[in-house]
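Here is a short briefing on one structure. Look at the sequence and the model first, then read the points below.

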Amino acid sequence: MVKTKTDKGNIKNTLRKISLKRETPKSAFILLALLYAISYYMVVITAKAHGTVVLFGVTLDISSFTGVFSSLSNICLICMVLLFRKAGFILALALLSIQFPGILMNIIRLRNYRNIPGIFSNILVTISVTIIYLGSRRITLYQNSIREQAVTDRITGLPNRFAGGELMQDLIKNSEKFALVSIDINNFKSINDTMGHETGDNVLREIADRWRTLADSHKTGTTDFVGRTSGDEFYLIITGTGSSEAYKKTIDAYKDELERKITIDDCDYYLTACFGYTTCPDDSDVIENLYLFSDSALHEVKKKGSGSRILRFNHSVLNSEKDLEIERKIRSCLSSGKLLFNLQPQYDLEHNLRGFEALARMKDDDGSYISPVEFIPVAEKTGLIDRIDLGVFEMAASLLASLPNAENHDFLLSINVSVRHLMKNNFMEEIRRVISETGFPPHRIEIEITESIMIDSAEKALWRIEEIKKMGMKIAIDDFGTGYSSLSYLNSIPSDLLKIDKAFIDKMDDSDSSKQYVSMIISLGHILGLKVISEGVESQEQLDELKAIGCDYIQGYIWGKPMSPEKVSKLMESVDAGQPVNPQ
Ligand code: C2E
Ligand code: MG
Ligand code: MG
C-alpha cells in the first residue's frame, strides 16, 4: 500500500473546517487586550493627576480625560465579547472583577469620591457584556446547527455532496491520490413505490449505517469517505492508496456489504448497486471533471445492465466519436448564433389555436437539418443544453411578442426545459431576464418538463416548480407515459397539462386495448384536474378517436408540423383575419 499523508484525522479536519465559520484572527484578541491594558493604565494615571494640558488653545484638567480612557477600555471589552464570544466574555469578566475592587479601594482608602461613577460604569459594563454574550450564544448555537445541516444529508446523516467536494479540494491541494466513486442503488424506486417513502428512507439509513461502519473499521485497508449525493445515489472517496487493485478491492467490499440481506419491518430486501469510478490525478485533478467522469462511468455501467457492476472511467465512456462531432457542431452553432427554432401549433378539438411549442433546430455544415433527437442528448451530457433552451425561448418569445396585434393574442408559448437546466440555481433569473427583454407575458408561457425530474431530485424540483407557478407560468408534463412516474409524483407536481407521448398515439391504430390505455391516461389527467394534449397525431382516425374519448388538445402533423418563424407570422395573419386555420 502506498503511504500518503491522508488519515482519518485529515478527513475529520476537512469536515470540521467546513462546518465552522471563519474565526476572527487571534492577533485581534491580543490587540484588543493590549488596547484595554493601555486605556486602563491611562485611566489610573489621569484619575490621580492634578495638572492641566492645553488642547487647541483650551486649558483642560488632565483628570477630565479619565472618562475617555474608561469608555475606550469598556469598548475593548465589548468588542472582545462580540468577536470572541466565550473566550472574550471570560476575559472581560475577569478584567472587570479585578477592576472593581481597585476602584472600591480607591474610594474607601484614598477617599477619592470622584471615582464613584466608575463603580456604576463597571456594573453597567458587566451587565452589558453578559447580555451580549448570552444573545450571541443563542446565535452561535443556531449558526452551528445551520452549518451542520449544510454539510450533512438529512435522511442518512452522512456528509452530503458539498462535503465531498470540499474534501476532494483539500486532497487535490495536498497532491494526494484518490478515487471518486459514484454509486447508484439499482431499482430503489420500486421500494419507494411499493413500500412507501418511509420504508425507502429506512433502507437508505441502513445502507448508510453499513457503509459508515465499514469506512470507520478500516477493514478495506484504505481510508474511505462515504456520503450521499441525492435520492438513491451515494459517493465514496477512497484515499490512502494509489493502486488500481486497492481501489477495486475497496469498492468490492462496499458492494458486498450492500448485497447482504437488509431486513426492515419484517421485510427482506436484497439490494445491488452500480459503481462508476475515476481516479485523481490520473484521469483529472479538476473536481468538476471528476464528478463528470465518475457519473459517466456509472451511467455506462447502468446502461449495460448485466455483467460487472463496477466500471472505471475511460474516455470512450464520455464521448463516442459521433457525440464528439455533434458536440463540436453544437458549439459552433451556438458561437456563430446559428441556432434555429420552429414553432409547432397546438389546437383544441374545434381546431382553435391553443399555442405553439418551441423546438430547437440546428443545421449541419451541408445545410441539412440535424435531428434534436440526436443533438439534445449530447447537449444535455455536455452541459450545453441551458444555452439551447434559453436561446430557443429568447427567439420564440421575441418573435411572438413582435407579431402585429401581439397585445390582442392570448395563445401560449410552450418551451422545453431539460432537468439539468431547470435545476440550475440561476434558472429563474435567466427566465426573468428573457421575459423582461422580450416583453412576452409570463401567464402565456408554459414550461415543459419530463417526469424524470421527480426521480432526480424531487424536493428541489417541487420547490423550483412552485417558483415557476408563482410567476404565473404554466407547467406541462411532457412525454407522459415514457418515464417512470408514479401516481404520487404526478399528484405532487402542480402542473396544468399532461402531454401524452406520440408512442401511445401511434399504438392506438393497432389495438383496442391501446385506445383504452390512452383513454385511461386522459381520464387520469382529468381526475387530477389537468388538461390533456395528445402529441404526434397524424391521421383522421386518431383525431376522431381522441375526440370521442375526451382529449382536450392535439399537437400533430395532421393540423400543423413544426413551422419556421416566417410561416408562423403568416399563420397568425390568417388567425387575425379570422380565416380558417390551415397552415400546411
Ligand atoms: P417533444 O418536446 O416531445 O416535442 C415533440 C416532438 O414530436 C417534436 O420533435 C415534434 O416535431 C414531433 N412531432 C410532433 N407532432 C408529430 C407528428 O405528428 N408526427 C411525428 N412524426 N412527429 C411529431 P423534434 O422537434 O424532433 O424534437 C424532439 C425532442 O427534442 C422534443 O420532444 C424535445 O424533447 C427535444 N427538444 C426539442 N427542442 C428542444 C429544446 O429547445 N430544449 C430541450 N431541452 N429539448 C428540446
Ligand atoms: Mg416538448
Ligand atoms: Mg413530447
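Strand β17 spans residues 531–535 in this predicted model. Four of its five residues are buried, so the strand is largely enclosed by the rest of the structure.

**Strand β17 and its neighbours**

- Strand β16 (residues 497–500) runs parallel to β17, and four bridges join them.
- In this pairing, leucine 498 stands opposite valine 532 of β17.
- Strand β18 (residues 553–555) also runs parallel to β17, joined to it by three bridges.
- Here serine 534 stands opposite isoleucine 554 of β18.
- Helix α20 (residues 540–548) belongs with β17 and β18 to a β-α-β unit, which is right-handed.

- Aspartate 479 has a relative accessible area of 26%, so it is partly exposed.

**Magnesium ion (ligand 2)**

- Glu357 (OE), Asn416 (OD1), Glu448 (OE) and Asp478 (OD) coordinate the magnesium ion (ligand 2) at 2.0 to 2.2 Å.
- Their spacing along the chain is E-x58-N-x31-E-x29-D.
- Distant parts of the chain are linked here: glutamate 357 sits in strand β11 (residues 353–363) and asparagine 416 in strand β13 (residues 412–416), 59 residues apart.
- Is glutamate 357 buried or exposed? Its relative accessibility is 3%, so glutamate 357 counts as buried.
- Asparagine 416 is partly exposed, because its relative accessible area is 25% and buried means under 20%.

**The bridge between the two ions**

- The magnesium ion (ligand 2) and the magnesium ion (ligand 3) lie 4.0 Å apart.

**A nonpolar surface patch**

- Ile123, Leu124, Ile127 and Ile131 make a nonpolar surface patch of about 390 Å².
- Leucine 124 lies in helix α4 (residues 116–151).
- The relative accessible area of leucine 124 is 55%, so this residue is exposed; the cut-off for exposed is over 50%.

Notes: Residues are numbered from 1 along each chain as its sequence is written. Chains are lettered from A and ligands numbered from 1 in the order in which they are written. This is a predicted model: local features need pLDDT of at least 70, side-chain atom pairs count only at pLDDT 80 or more; totals for chains, interfaces and linings use all residues. Side-chain values use heavy atoms; hydrogens and water are left out. Buried means under 20% relative accessible area, exposed over 50%, partly exposed in between (1.4 Å probe, protein chains only). Helices (H or I, at least four residues) and strands (E, at least two) are DSSP runs, numbered from the N terminus. Two strands pair if DSSP finds at least two bridges between them. A crossover is right-handed if, with the strands pointing away from the viewer, the path from the first strand over the helix to the second runs clockwise. Patches are made of residues with over 30% relative accessible area and no salt bridge: like charges are joined within 9 Å, nonpolar side chains (Val, Leu, Ile, Met, Phe, Trp, Tyr) within 5 Å. Accessible areas come from the Shrake-Rupley method with a 1.4 Å probe; for residues, only the protein chains shown count as cover. A salt bridge is a side-chain nitrogen of Lys or Arg within 4 Å of a carboxyl oxygen of Asp or Glu. Donors are N, O and S atoms within 2.8 Å of the metal (3.2 Å for Na, K and Ca); water is not among the atoms, so sites may look incomplete.
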